[in-house]
Amino acid sequence: MCSVCSLFDMFDATCIVLETVIKDGNYSQRGDADSAMNYMTSFDFVFILHLMRDILLLSNDLCQALQRKAQDILDALDLVSTTKRLIQNMRECGWEKFIKEVKLFCEKHEVLIPDMNAPFSIRRSRCRSKETDISIGHYYKYDLFTVTIDTQLQELNSRFNDKAVELLVLSSSIDLKDNYRLFNADNIYNLVEKYYPEDFTDQEKLYLKIQLHHYEFDVPQHEELNNLSTLSELCQGLTNTKKATIYPLVDRLIRLILTLHVTTATTERSFSAMSIVKTKLRNKMEDDFLADYLITYIEKKIAKTFTTDSIIDEFYDMKKRSVKFRD
């Protein structure tokens, strides 16, 4: 964000530096500077620069909030909702204002503005291009402006879909802040019903509802459990005060909620690793082999502790087990 805004403030200075390098630099520097100068002074660059700045400005508060460890999850979710609204409003009503700012910037810095009513041409090579049925204005408005915003909205919707938001809201019902101000037994029970049905039997769910009402009146009055700030501290506090044995089902639920961050981070790390590992060549591998390779890639530290002999012994034991099974 800071880099984009800085480029706006130092656009002229950057161009001057590039012109100096073109004149006084060596052969390699002149070529790189000339290419950079041509791109920076193009309408495409100015358009994309403005689009990046506007979208990053709208989502900046949300990004900063999500990075704060002490951020209230409900406040962060409110920012998710408002960010979506602002970006959607930009999509529906922001084009005229946006293109006007782009043109004013181009006029100020002497960047050539194309005729928006002219037909848009697709460049197939350096010498050949093909005209299309759409105008240049249509291309910038719908193929760049609208598509970029839709991609951003899709990203927000995928990361903060209705189920994920509901899960976070229900999980916040056990928040410790302000002497358990947000505590809501019904919401916590709904959390178990919707997201942890396999972790509690029907009978345990019935007992849990009663335990939650006892917990609501008991735990906030306990001195050692009043000044806690995180669920992990609460989990430790329940163990230290022996409350975990009195409310075992509530303790189990808190431990399940604590695994949410680990599960999310593990999933994100796996997808990031897959984008690196899954090359064209490895796409031809069978799924089992690819999955095994991903595991060793993701868990590098653990994989380094394996010795060649231990792997050979494991395969040898597998062979003996398979022979025994056939017999």
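This is a predicted model: local features need pLDDT of at least 70, side-chain atom pairs count only at pLDDT 80 or more; totals for chains, interfaces and linings use all residues.
Trainee: Which residues have the most contacts inside the largest nonpolar core?

Mentor: Those are Phe43, Phe47, Tyr140 and Phe145, in a core of 37 residues. At least two residues of this core come from each of helix 1 (2-9), helix 2 (11-24), helix 3 (27-40), helix 4 (43-67), helix 5 (73-93), helix 6 and helix 7 (136-159).

Trainee: Ile99, Val102 and Cys106 make me curious about helix 6. Which residues of helix 6 are buried?

Mentor: Trp95, Phe98, Ile99, Val102, Phe105 and Cys106 are the buried residues of helix 6. They lie on the same side of helix 6, because the arc they cover around the axis is only 120°.

Trainee: Why would residues three or four places apart point the same way?

Mentor: An α-helix has 3.6 residues a turn, so residues at that spacing point the same way.

Trainee: Then which exposed residues are on the face turned away from the buried side of helix 6?

Mentor: That face of helix 6 carries Glu96, Lys97, Lys100, Glu107 and Lys108, which are exposed.

Trainee: How far apart are the end C-alpha atoms of helix 6?

Mentor: They are 20 Å apart.

Trainee: What happens just after helix 6?

Mentor: Glu110 takes a positive phi of about 55° there, although Glu110 is not a glycine. Most residues other than glycine have a negative phi. Glu110 is in the loop between helix 6 and strand 1 (119-123), and at a relative accessible area of 75% Glu110 is exposed.

Trainee: What about Lys242, what is its phi?

Mentor: Lys242 is not a glycine either, and its phi is positive, near 65°. Lys242 is in the loop between helix 12 (231-240) and helix 13 (243-246). Lys242 counts as exposed, with 57% relative accessibility.

Trainee: Changing topic: His50. Buried or exposed?

Mentor: His50 is buried, at 2% relative accessible area. The residue is in helix 4, and its side chain reaches the backbone oxygen of Val46 at 2.9 Å.

Trainee: And what is His50 in contact with, again leaving aside neighbours within four places in sequence?

Mentor: Phe8, Phe98, Glu101, Val102 and Phe105. Among them, Phe98, Val102 and Phe105 are buried residues of helix 6.

Trainee: On to the rings. How many aromatic pairs does the structure hold?

Mentor: The structure holds 15. Tyr39 and Phe45 have ring centres 5.3 Å apart and planes at 75°, so their pair is edge-to-face. Tyr39 is partly exposed at 47% relative accessibility, whereas Phe45 is buried at a relative accessible area of 15%.

Trainee: And Phe120 with Tyr139, is that pair stacked or edge-to-face?

Mentor: Stacked, because the planes are at 10°, with the ring centres 4.0 Å apart. The pair links distant parts of the chain, with Phe120 in strand 1 and Tyr139 in helix 7, 19 residues apart. Phe120 is buried, with a relative accessible area of 18%.

Trainee: Which residues form one aromatic cluster?

Mentor: Phe43, Phe47, Trp95, Phe98, Phe120, Tyr139, Tyr140 and Phe145 form it. Among them, Phe43, Phe47, Tyr140 and Phe145 are the ones with the most contacts inside the largest nonpolar core.

Methods: Residues are numbered from 1 along each chain as its sequence is written. Side-chain values use heavy atoms; hydrogens and water are left out. Helices (H or I, at least four residues) and strands (E, at least two) are DSSP runs, numbered from the N terminus. The expected span of a helix is 1.5 Å times one less than its number of residues. Buried means under 20% relative accessible area, exposed over 50%, partly exposed in between (1.4 Å probe, protein chains only). The arc is that of the directions from the helix axis to the C-beta atoms. A nonpolar core is a set of buried Ala, Val, Leu, Ile, Met, Phe, Trp, Tyr and Cys residues joined through side-chain atoms within 4.5 Å. A polar contact is a pair of N or O atoms within 3.5 Å; within protein, one must be able to donate a hydrogen and the other to accept it, and residues adjacent in sequence count only if both atoms are side-chain atoms. Contact means heavy atoms within 4.5 Å. Rings of Phe, Tyr and Trp (its six-membered ring) pair if their centres lie within 6.5 Å; planes under 30 degrees apart count as stacked, over 60 as edge-to-face and the rest as tilted.
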